[in-house]
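Dear colleague,

Please find below the structure that I am handing over to you. My notes on it follow directly after it.

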Amino acid sequence: QVQLVESGGGLVQAGGSLRLSCAASGRTFSNYVMGWFRQAPGKERDFAAAISQSGASAFYADSVKGRFTISRDGAKNTVYLQMNSLKPEDTAVYYCAAGTVYDLVPPYEYPYWGQGTQVTVSS
């Protein structure tokens with residue numbers, strides 16, 4: 001019911017910043033909770049951040065709290081992840097996800113996923 005396309009990944013030095021974007025189409029964007037997940041090589045896919053349908057509430061993993069900010073723009077049908085003070089351990093493929101979910105953390109709660117965008121943080 002919704003298609004998601006991530007962009008904005010790349011290579012950055014430790015301490016730098018990146019802004020990821022996730023453009024949604026196909027179904028009413030405002031119906032869904034939006035989340036960002038990340039998966040490092042050899043690791044499981046883990047929750048990073050999520051935002052409510054209205055954009056009024058946001059939730060973050062402890063590992064990114066204070067450094068990452070999730071937001072959404074209803075007019076553009078787009079969700080963003082502003083990543084500041086990046087660390088080498090932030091290196092991962094970052095995935096945008098959408099769904100009518102109540103438990104925000106488990107990846108299996110989200111039926112719709114983007115293709116992922118690579119973020120590499122060098123030391």
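Ser85 lies in the loop between strand 8 and strand 9; helices (H or I, at least four residues) and strands (E, at least two) are DSSP runs, numbered from the N terminus. This is a predicted model, in which local features need pLDDT of at least 70 and side-chain atom pairs count only at pLDDT 80 or more, while totals for chains, interfaces and linings use all residues. Residues are numbered from 1 along each chain as its sequence is written, and side-chain values use heavy atoms, with hydrogens and water left out.

Although Ser85 is not a glycine, its phi is positive, at about 50°. Its relative accessibility of 40% makes Ser85 partly exposed (buried means under 20% relative accessible area, exposed over 50%, partly exposed in between, with a 1.4 Å probe and protein chains only). Asn77, placed in the loop between strand 7 and strand 8 (78–83), is also a residue other than glycine with a positive phi, near 50°. Asn77 is partly exposed, with a relative accessible area of 31%. As background, most residues other than glycine have a negative phi.

**The disulfide**

The structure holds 1 disulfide, a term that stands for a pair of cysteine sulfur atoms within 2.5 Å. Cys22 and Cys96 form this link, with an S to S distance of 2.1 Å. The angle about the S-S bond is -80°, and the link is left-handed. Cys22 belongs to strand 3 (residues 18–25) and Cys96 to strand 9 (residues 92–99), so the pair ties together parts that are 74 residues apart in sequence. Cys22 is buried at a relative accessible area of 0%, and Cys96 is buried at 0% relative accessibility.

Phe68 is part of strand 7 (residues 68–73) and is buried, at 3% relative accessibility. Neighbours within four places in sequence aside, Phe68 is in contact with Arg38, Tyr60, Leu81, Gln82, Met83, Asn84, Leu86, Asp90 and Tyr94 (contact means heavy atoms within 4.5 Å). Between the C-alpha atoms of Phe68 and Glu44, which are 24 residues apart along the chain, the separation is 20 Å.

Ser52 sits in the loop between strand 5 and strand 6 (58–60), where Ser52 is buried with a relative accessible area of 16%. The side chain of Ser52 reaches the backbone nitrogen of Ala56 at 3.3 Å. With neighbours within four places in sequence left aside, Ser52 is in contact with Ser57 and Arg72.

**The largest pocket**

What is the volume of the largest pocket? The value is about 150 Å³. On a 1 Å grid over the protein atoms alone, a pocket is an open set of points where a 1.4 Å probe fits, with protein on both sides within 12 Å along at least five of seven lines; lining residues have an atom within 4 Å of a point. Grid points are joined across faces, edges and corners, and a volume is the space filled by probe spheres set on the points.

The lining of the largest pocket consists of Arg38, Gln39, Ala40, Lys43, Glu44, Asp46, Phe47, Ser63, Glu89, Asp90, Thr91 and Ala92. Strand 4 (33–39) and strand 5 (46–51) are the elements that give two or more residues to this lining. By class, the lining has 6 charged, 3 polar and 3 nonpolar residues; Ala, Val, Leu, Ile, Met, Phe, Trp, Tyr, Cys and Pro count as nonpolar, Asp, Glu, Lys and Arg as charged, and the others, Gly among them, as polar.

With kind regards

Note on methods
A polar contact is a pair of N or O atoms within 3.5 Å; within protein, one must be able to donate a hydrogen and the other to accept it, and residues adjacent in sequence count only if both atoms are side-chain atoms.
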